[in-house]
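My notes follow in the order I took them.

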Amino acid sequence: MGTLLKSYKPLLPLRFISIPNSVWTSRLTRVIFSKSKLCGGRCFSSVKQSPPLIDEKNSGGEGVENPKGELWLYNTMSRQKEVFKPKVDGRVGMYVCGVTAYDLSHIGHARVYVSFDVLYRYLRHLGYEVNYVRNFTDVDDKIIARANELGEDPINLSRRYCQEFNVDMKYLHCLPPSVEPRVTDHMPQIIDMIKQIIDNDCAYVIEGDVYFSVDKFPDYGRLSGRNVEDNRAGERVAVDSRKKNPADFALWKTAKKGEPFWDSPWGPGRPGWHIECSAMSAAYLGYTFDIHGGGMDLVFPHHENEIAQSCAACKWSNISYWIHNGFVTIDSEKMSKSLGNFFTIRQVIDLYHPLALRVFLIGTHYRSPINYSAVQLESASDRAFYIYQTLHDCQKAVGQDDMTKKDSVPPHILDCINKFYNDFLTSMLDDLHTPVVLAALSDPLKTINDLLHTRKGKKQELRLESLAALEKVIGEVLMILGLMPASYSEALLQLREKALKRSNLTEDQILQKIEERNMARKNKEYEKSDAIRKDLAAVGITLMDSPDGTTWRPSIPLALQEQVAAT
């Protein structure tokens, strides 16, 4: 599986990357043991320890001016935006909690990994060498329960869904991480960390089970702001009267009949959910690194427990930034498999282009909740079509000539380009405000269409040079946002195919309707002509008349257009 995952490549190469990740990754995967003490025990430590560089007293909040062009990120730990300063200049270590692989991923998962893909891409654009680690949970109660339902081996089931997840990520243009570790490949590291926590008197053993003692960690609850009593027993938190404190959570679970298990000093069993991420992040990034991320639902108890475990294993454990994305909701309720109110990524991209789904996901700031609806997806699809159609027409007009080598464009075009790129930089540096970037696309796209289609634009001096310069800057931004298709023409074709599927029409049927409408117009049957146009518009097909004839394009269905206008 590891070999397969590493073989994945980005759909398109990034234009701004000059430093490979492989050198740094190889350094960070070497881990050593030190004899430092915490609670009287030893410490499992990375090659190099770095103190936190964030000065919380000087970190900014909402609306902070940014004259220095610094990246500001919202830190869940401090509950405010802070200037991003990596522990090692020019290098970033980032760990994002991955999926529990027991089913196809839903669009709540898509939001997590698109959000952190945007951060990954932007950090690389800024010149950082990023070691991005995203794990797979491939042994877990949910996996075992699903495997029992299907009569399948749990490990084989999870392996299959790990592969399916990566297919989804490729559809969504998410770049593969530097490393994708799986729990089952890291049992020695997990067991060793549990040993350290026990040696440091922060965990205890009961009949083959190992529990973390939250009473031994005074800072428990600092990330979430919750009390120990708020720990959700029953949600991957064992209900067990043997525990010293009901909030204590499992580090190791004794084997049950018919379940996969591994040998350990406490007997056969398997790890608890939380310990795996502490062990795998330490294995690849050390105990002190820059960014730890995931969905908002992981703040408590998962990330709270990770902090407790890691600090109990190593007193130097420190993560500078805890970053969390907001939920995808349906009717104001969180989308999740456990609630049964979810749509899988596959279900959505069966009807909508994957890049339309990506536009939908980054069209709301990553920390805000986003409500899933057909209206929102139709709007995102319509926006994607407009962007790619404009850029396709622009490329076609410019032709094969390399106009980008010419450094002369009219002042108003240069102003448009500079304003757009400055809006992009300002918005992205301010905690990745992708919705503002998408909105900022409007002006340069409109300028392109004016140059292509208006009388005044067609007569403009240095028209082709202007088109080429506009297309170049828009393309660079789309690349950073992960919205650059393999080709504009291919994306347009696929968007049209998805629209046909949603409308339950074929291209031949639409062409037949166009012919019927042309005949009606010729016969001055204007009511019939208008009815044909309206019937097609009702299912998301807009007819466009020109001197060269009538063509069609996807659009938002009429009924949904009214909802868009209302919002």
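This is a predicted model: local features need pLDDT of at least 70, side-chain atom pairs count only at pLDDT 80 or more; totals for chains, interfaces and linings use all residues.

Next I looked at the overall make-up. I found 20 helices and 17 strands in the protein. The accessible surface comes to about 25,400 Å², and 51% of that belongs to carbon and sulfur atoms. I also checked the contacts between residues at least 6 apart in sequence: 76% of them join residues at least 24 apart.

Then I went to the inside. Which residues have the most contacts inside the largest nonpolar core? They are Ile291, Leu357 and Tyr388, in a core of 95 residues. Helix α3 (residues 107-125) gives this core its largest share, eleven residues. I picked Leu357 and left aside its neighbours within four places in sequence; Leu357 is in contact with Ile107, Leu172, Ile345, Val348, Ile349 and Leu377. Another core of 48 residues lies apart from the largest one, and Met77, Ile191, Trp266 and Tyr287 are among its members.

Last, I took up a helix pair. The axes of α12 (residues 411-429) and α16 (residues 463-481) come within 10 Å and cross at roughly 10 degrees. Angles under 35 degrees count as roughly parallel, so I wrote α12 down as roughly parallel to α16. On the α12 side the contact includes Phe420, Tyr421 and Phe424, and on the α16 side it includes Ser466, Leu470 and Val473.

Terms used: Residues are numbered from 1 along each chain as its sequence is written. Side-chain values use heavy atoms; hydrogens and water are left out. A nonpolar core is a set of buried Ala, Val, Leu, Ile, Met, Phe, Trp, Tyr and Cys residues joined through side-chain atoms within 4.5 Å. Buried means under 20% relative accessible area, exposed over 50%, partly exposed in between (1.4 Å probe, protein chains only). Helices (H or I, at least four residues) and strands (E, at least two) are DSSP runs, numbered from the N terminus. Contact means heavy atoms within 4.5 Å. Accessible areas come from the Shrake-Rupley method with a 1.4 Å probe; for residues, only the protein chains shown count as cover. Axes are lines fitted to C-alpha atoms, for helices over the stretch in contact, and angles run from 0 to 180 degrees between N-to-C directions. Angles under 35 degrees count as roughly parallel, over 145 as roughly antiparallel, 65 to 115 as roughly perpendicular and the rest as oblique.
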